Amino acid sequence: MKLIDGKVLSAIIKSEIKEETAHWVAGGGKQPHLAAILVGADGASETYVASKIRSCEEIGFKSTLRRFDASITEDQLIDEIEALNDDDDVDGFIVQLPLPAHISENRVMEAIDPKKDVDGFHPVNVGRMCKGLPAYISATPFGIIEMLKRSGIETAGKHCVVIGRSQIVGLPMSILMQRNDNPGNCTVTICHSRTVNLKEIARTADILIVALGRAEFVTADYVKEGAVVIDVGITRVADPSKKSGFAIRGDVKFDEVALKAGFITPVPGGVGLMTICGLLTNTLKAARKEIYP
Ligand code: NAP
């Protein structure tokens, strides 16, 4: 079994982006500028946004955080998004999800200028990805593709089973794995909560991508000998032995699946660490106007 180490890979990618940014700026290019909108005071969202801002600083990007009270109306938030759309200094921006229940996430995502949609959630970017056109690929699928590529995993002709069909992970992952590219060229099966015989289907996977959000759901009997297992899940489970009172678990029962898998990603220390690399890559592309010249 080979461990696909998100800590090592993400550090390499970040240092590459840092180097490319320095080179771009030294050549007269504009310093990439990422803005983030944070609504309310959700603890996890605060942590994610803080880490995104910190990463920008580390690699030489400019960053701006715009905070709003949870009571902001949908129309007011759309006005703020339009202001960022019109701000020539901002190359890309994100609206941290989830939003308060009174705000439509779809309306908010659609208000973002696709050229600045570095989270890759706007229907224009999703549509362009489906058509194989240059697009901002969203962070988690980007991270998984980089893990496969940089681990030298052969994907062409392989059977890839994706468990989960969410808009942010399962669905885009299934599209990327079937496209005519490397990584890609897989025969893809996408599974969800209504799938019958999930275990039997999973067991036919050469590459198993698990994103269903249930701690340690995938046990060794879901996995073919030698399969590549990518665990996207992040679930907090009570753990009195930890100072925080909880531990992070993936969707895969690591200890037993690792004995069977050819390659496996750990949780924590796997896919989660790769996601920031997608956002930073997209922001550099935005500053260089690579996707939308
Ligand atoms: P989601 O929107 O809740 O989607 C879960 C998917 O799993 C749905 O398609 C659902 O099917 C399917 N599912 C649920 N129970 C199932 C079962 N028993 N059998 C088969 N399919 C089942 O979740 P998500 O946003 O994709 O996130 C999934 C997990 O990844 C979560 O733990 C999340 O925290 C984590 N995550 C991690 C990262 C990262 O950076 N590592 C990024 C995003 C998400 P239906 O469509 O039929 O409901």
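Visitor: Which helix gives the most to the shell around the ligand?
Guide: That's helix α10, residues 271-287, which puts 3 residues into the shell. Keep in mind that this is a predicted model.

Visitor: And how many residues surround the ligand altogether?
Guide: There are 20 of them, and the closest are Arg 165, Ser 166, Ser 193, Ile 234 and Thr 275.

Visitor: What about the serines?
Guide: Ser 166 has a side-chain N or O atom 2.5 Å from an oxygen atom of the ligand. For Ser 193, a side-chain N or O atom is also 2.5 Å from a ligand oxygen.

Visitor: How much of the ligand does the protein bury?
Guide: Taken alone, the ligand exposes 930 Å², and the protein buries 71% of that.

Visitor: OK, helix packing now. How do α2 and α10 pack?
Guide: Helix α2, residues 43-59, packs against α10 at an angle of about 60°, and the two axes are 11 Å apart.

Visitor: Is the crossing left-handed or right-handed?
Guide: Right-handed, as α2 passes α10.

Visitor: Switching to the backbone. Which peptide bond ending at Pro 98 is cis?
Guide: The one from Leu 97 to Pro 98, with omega near 5°. Pro 98 itself is in the loop between β4 (92-95) and α4 (105-111).

Visitor: What about Val 267 to Pro 268, cis or trans?
Guide: Cis, with omega near -5°.

Visitor: Where does Pro 268 lie?
Guide: In the loop between β11 (263-264) and α10. That brings us back to the helix that gives the most residues to the ligand's shell.

Visitor: Last one: what is phi of Asn 185 near?
Guide: It's near 55°, a positive value in a residue other than glycine.

Visitor: And where is Asn 185?
Guide: Asn 185 is in a loop too, running between α7 (170-178) and β6 (187-191).

How values were computed. Residues are numbered from 1 along each chain as its sequence is written. This is a predicted model: local features need pLDDT of at least 70, side-chain atom pairs count only at pLDDT 80 or more; totals for chains, interfaces and linings use all residues. Side-chain values use heavy atoms; hydrogens and water are left out. A residue is near a molecule or strand if one of its heavy atoms lies within 4 Å of it. A polar contact is a pair of N or O atoms within 3.5 Å; within protein, one must be able to donate a hydrogen and the other to accept it, and residues adjacent in sequence count only if both atoms are side-chain atoms. Accessible areas come from the Shrake-Rupley method with a 1.4 Å probe; for residues, only the protein chains shown count as cover. Helices (H or I, at least four residues) and strands (E, at least two) are DSSP runs, numbered from the N terminus. Axes are lines fitted to C-alpha atoms, for helices over the stretch in contact, and angles run from 0 to 180 degrees between N-to-C directions. A crossing is left-handed if the near helix is turned anticlockwise from the far one by less than a right angle, and right-handed if clockwise.
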